[in-house]
Amino acid sequence: MDERMGMSWGPEVRPEGTRFTLWAPDAEMVAVETEAGATAMTRDAEGWHSATLRTGPGARYRFRIGDTAVPDPAAHAQSIGVHGWSVVVDHRHDWQTEWHGRPWHETVLLELHPGLLDGFAGIRRLLPEIAATGITAIELMPIGAFGGTRGWGYDGVLPYAVQEDYGSPAELKALIDAAHAHGLSVFLDVVYNHFGPDGNYLGLYASGFFDESKHTPWGGAVAVDREPVARFFIDNALMWLRDYRIDGLRLDAVHAIENPAFLDRLAAEVRAALPDRHVHLVLENESNDAARLRDGAFDAQWNDDFHNVLHVLLTGEHHAYYRDFAERPAERLARCLAEGFIYQGEGSPNHDGRPRGSPSAHLEPTRFVAFLQNHDQIGNRALGERLTVLADPAKLRAATALLLLCPQIPLLFMGDTEGSETPFLFFTDFHDDLADAVRDGRRREFAKFPAFADNSARAAIPDPNARATFEASRPQPGPDAAAWRALYRDLLALRSGRIVPPLPGTRAIGAEATGPAAVTARWRLGDGSTLGIALDLGDAPALPAVADPLFTEGDRFVAWIER
């Protein structure tokens, strides 16, 4: 943080009171309002406005610019939504668990939506079962404040403030403390590439926060080349990691930021600030930028290629971005297992032939987070179907074995371990014209898909703003929940006992397609042993004979370790 006057975001509680600051270069005059009245703020040459008031934690405040009252974009809590009062937070907490984190190679992630699980308190009740399954980390979808009471969280507008409907800052800390007591790391999705449409006032007083010359699906890109903007997001990352003891951050869609130097700076500042803890940084990056994964700045990237090619093999679907994986899917899966990314600079049909990705074979497999499902891959479907209703159960069990026993870091989505067949739908809580635009835009988006070519089919796509859409997305155990629980526990016990200890230093030996839907792959583990897997998702599976298998799943999957 720059210690010069005004060069920091958010309220700072000091012995003499609370210091309030706002970067509002477009405004000549700003006042900070509390329930006791308004105080004019001092403006410096760079557009920072500041004032210190004799008030402290729990105080409600907001800024007034002309006739408009706005929340603090760096408020740590809100009262009555994103259009309401901001609240000063006392981050002191009586932590009960001594915790320095877990090494990255031990990570098995479970992605959770706090709202669907009854908030932070609801997740806390699930922790014993999650830990007993063999999962080592939970990953919360974004919890920064967004408009309304329901949403995925990726349309947040106040990224420092905890969404009120999930719980208070103290309840979030209690969840994290309890997770650590169960040996679970806690990761958080953060969105640094855009702001949502409901409750974002930055354009009113800080138009320079955005770079209109760079376009994202959500409007102008955030101008992270400007110091106040870069500081806003870096300090946000540090807040979650320091004040809440979050163990890792997953940065959403960083390709839309279009500034790798900013990403490297954020990582460097995080590493320098927290040298004595296991803190992990993970990217979502459609660009498949292997350079970001060198030298330990970022631990890993979500590997969409792993999901996409296995989805093709499991379902036969080949529309939209699955076109990129429809030809020779077994060969593509083999490359993914051996080298990480499938697209390493080749032209992508889904991107009109433009090159995508960069070479990644030099990276360790733990630089990639693999998954069969996540919030995007389920919820971006019109009807939010899970693989349990799209794929053959035997094939899905075999693919699950591959996910959990290969050296890439596995990520699960809530409900997976119980074979849930509940949809995960796209839901929001917008109103009036914005609600109409979101609903109608969602339905138009699927007009190019054959199944939704006519108006009546598109009309059946659930309304994102209907409360019923949200309620229908709560995960429920599937009809074969006991069998799925047993499978996950068995596989994760094997991963923990046999694969994780020698995982550091693992390198691929090679992988090859052995049939139209079959692959074999081998890795040299860090202790010199060899991990092998064979998977066959074809209609007439034929696995190689293995004398001493580590694990088999019917006639479709086998894993082994050779000394």
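1. A helix here is a DSSP run of H or I with at least four residues, and helices are numbered from the N terminus. The model is predicted. With that naming, R381 is found in the loop between α8 (375-379) and α9 (387-390).

2. Is R381 buried or exposed? R381 has a relative accessible area of 14%, and buried means under 20%, so R381 is buried. Leaving aside residues up to four places away in sequence, R381 touches H311, E317, L390, R442 and F446.

3. Next, a pair of helices. Two packed helices are described by the angle between their axes and the distance between the axes. For helix α4 (residues 227-243) and helix α5 (residues 260-273), the axes come within 10 Å and cross at roughly 40°. That angle makes α4 oblique to α5. The crossing of α4 past α5 is right-handed.

4. Which residues of α4 and α5 meet? On the α4 side they are E227, A230, R231, F233, I234, A237, L238, L241 and R242. On the α5 side they are F262, R265, L266, E269, V270 and A273. Sorted by class, this contact has 10 nonpolar and 5 charged residues, and no polar ones.

5. The aromatic rings come next. How many aromatic pairs does a search of the whole structure find? The search finds 32. A pair of aromatic rings is described by the distance of the centres and the angle of the planes.

6. One of the pairs is Y160 with F232. Their ring centres are 5.2 Å apart and their planes stand at 70°, so this pair is edge-to-face. Y160 lies in strand β14 (residues 156-162), whereas F232 lies in helix α4, so the pair ties together parts that are 72 residues apart in sequence. Y160 counts as buried at 2% relative accessibility, and F232 counts as buried at 0%.

7. Another pair is F341 with F368. Here the ring centres are 5.0 Å apart and the planes are at 85°, so this pair is edge-to-face as well. F341 is in the loop between α7 (329-339) and β21 (346-347), and F368 is in strand β23 (residues 368-371). The parts tied together by this pair are 27 residues apart in sequence. F341 and F368 are both buried.

8. Finally, the ring pairs form a cluster. Its members are W9, W48, Y160, Y192, F195, F209, F210, F232 and F233. Y160 and F232, the pair in point 6, are among them. F233 is also in the cluster, and F233 is one of the α4 residues in the contact with α5.

How values were computed:
Residues numbered from 1 in each chain as written. Predicted model: local features only at pLDDT ≥ 70, side-chain atom pairs only at ≥ 80, totals over all residues. Heavy atoms only, no water. Axes fitted to C-alpha atoms, helices over the stretch in contact; angles between N-to-C directions. Helix = DSSP H or I, 4+ residues; strand = E, 2+ residues; numbered from the N terminus. Parallel < 35°, antiparallel > 145°, perpendicular 65-115°, else oblique. Left-handed = near helix turned anticlockwise from the far one by under 90°. Contact = heavy atoms within 4.5 Å. Nonpolar A, V, L, I, M, F, W, Y, C, P; charged D, E, K, R; others polar. Buried < 20%, exposed > 50% of the residue type's maximum accessible area, 1.4 Å probe, protein only. Phe/Tyr/Trp six-rings, centres within 6.5 Å; stacked < 30°, edge-to-face > 60°.
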